[in-house]
Amino acid sequence: MRKFLLGILISLPVLFAQPFQHQRQMMNQPTPVMRPEVMKKPGLEEFLDDLGLKSAEKKKMLDMWFKHKKAVIDMKANVKKMEIDMERLLMADKLQEQKIIEQAKNIGEAKVNERLEDLKFKFKILRLVPDKHKDEFKRFLFHPKRRLQMDRMRKMIKKGSRR
């Protein structure tokens, strides 16, 4: 019992102690949030700026791009809804084989249609690009990851040839 009371008496000053002035200032400051820098994939706007297209052409392509983005969002939402309906069919007490197979076909068709619309858009926008920029634009539209890797390779080759 003595040890217990002695422990309480010793810890009381520590519990009621106030921090020093510099400690109070540090406590009131919010800790800075450290976020890693994210490498942003170049978008269509940056790419069109790099090509140096006329503002009218650029505006038309951007309008098409944003309309396409909206359409893609709608298509993906429809696919997601169909997948939720499929889950509901699969979680039912009594499985209905024909309905499940039909829903799977509908989901597959919707995904194929989504991909086809994306390709149609890419070909439509490619027709608007001047011939001198078609190769670069093809790489941008159809091989975005490979395009970035090729740019890095070109830079490496240029650096190596300077030595």
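Okay, quick one to start: where does lysine 69 lie? In helix α4. Helices here are DSSP runs of H or I with at least four residues, numbered from the N terminus.

Before I go on, the housekeeping. This is a predicted model, so local features need pLDDT of at least 70 and side-chain atom pairs count only at pLDDT 80 or more, while totals for chains, interfaces and linings use all residues. Residues are numbered from 1 along each chain as its sequence is written, and side-chain values use heavy atoms, with hydrogens and water left out.

Back to lysine 69. At 41% relative accessibility, this lysine counts as partly exposed. For the cut-offs, buried is under 20% relative accessible area, exposed is over 50%, and partly exposed is in between, with a 1.4 Å probe and protein chains only. Lysine 69 sits 9.4 Å from aspartate 118, C-alpha to C-alpha, and the two are 49 residues apart in sequence.

Now the aromatics. The structure holds one aromatic pair, where pairing asks for ring centres within 6.5 Å, using the six-membered ring for Trp alongside Phe and Tyr. The rings of tryptophan 65 and phenylalanine 121 have centres 5.7 Å apart and planes at 50°, so we call the pair tilted; under 30 degrees would be stacked and over 60 edge-to-face. Tryptophan 65 is in helix α4, residues 55–91, and phenylalanine 121 is in helix α5, so the pair ties together parts 56 residues apart in sequence. Tryptophan 65 is partly exposed at 22%, whereas phenylalanine 121 is buried at 6%.

Staying in α5, there's glutamine 103. That glutamine is buried, with a relative accessible area of 13%. Leaving aside residues up to four places away in sequence, glutamine 103 touches Met82, Asp85, Met86 and Leu89, contact being heavy atoms within 4.5 Å.

Helix α5, residues 97–128, packs with helix α6, residues 134–142, at about 160°, with the axes 11 Å apart. Axes are lines fitted to C-alpha atoms over the stretch in contact, and angles run from 0 to 180 degrees between N-to-C directions. So α5 and α6 are roughly antiparallel, which takes an angle over 145 degrees. Who's in that contact? From α5, the residues include Leu119, Phe123 and Leu126, and they meet a group in α6 that includes Phe137, Leu141 and Phe142. By class, the contact has seven nonpolar, no polar and four charged residues. Nonpolar covers Ala, Val, Leu, Ile, Met, Phe, Trp, Tyr, Cys and Pro, charged is Asp, Glu, Lys and Arg, and the others, Gly among them, are polar.

Key
Helix = DSSP H or I, 4+ residues; strand = E, 2+ residues; numbered from the N terminus. Parallel < 35°, antiparallel > 145°, perpendicular 65-115°, else oblique.
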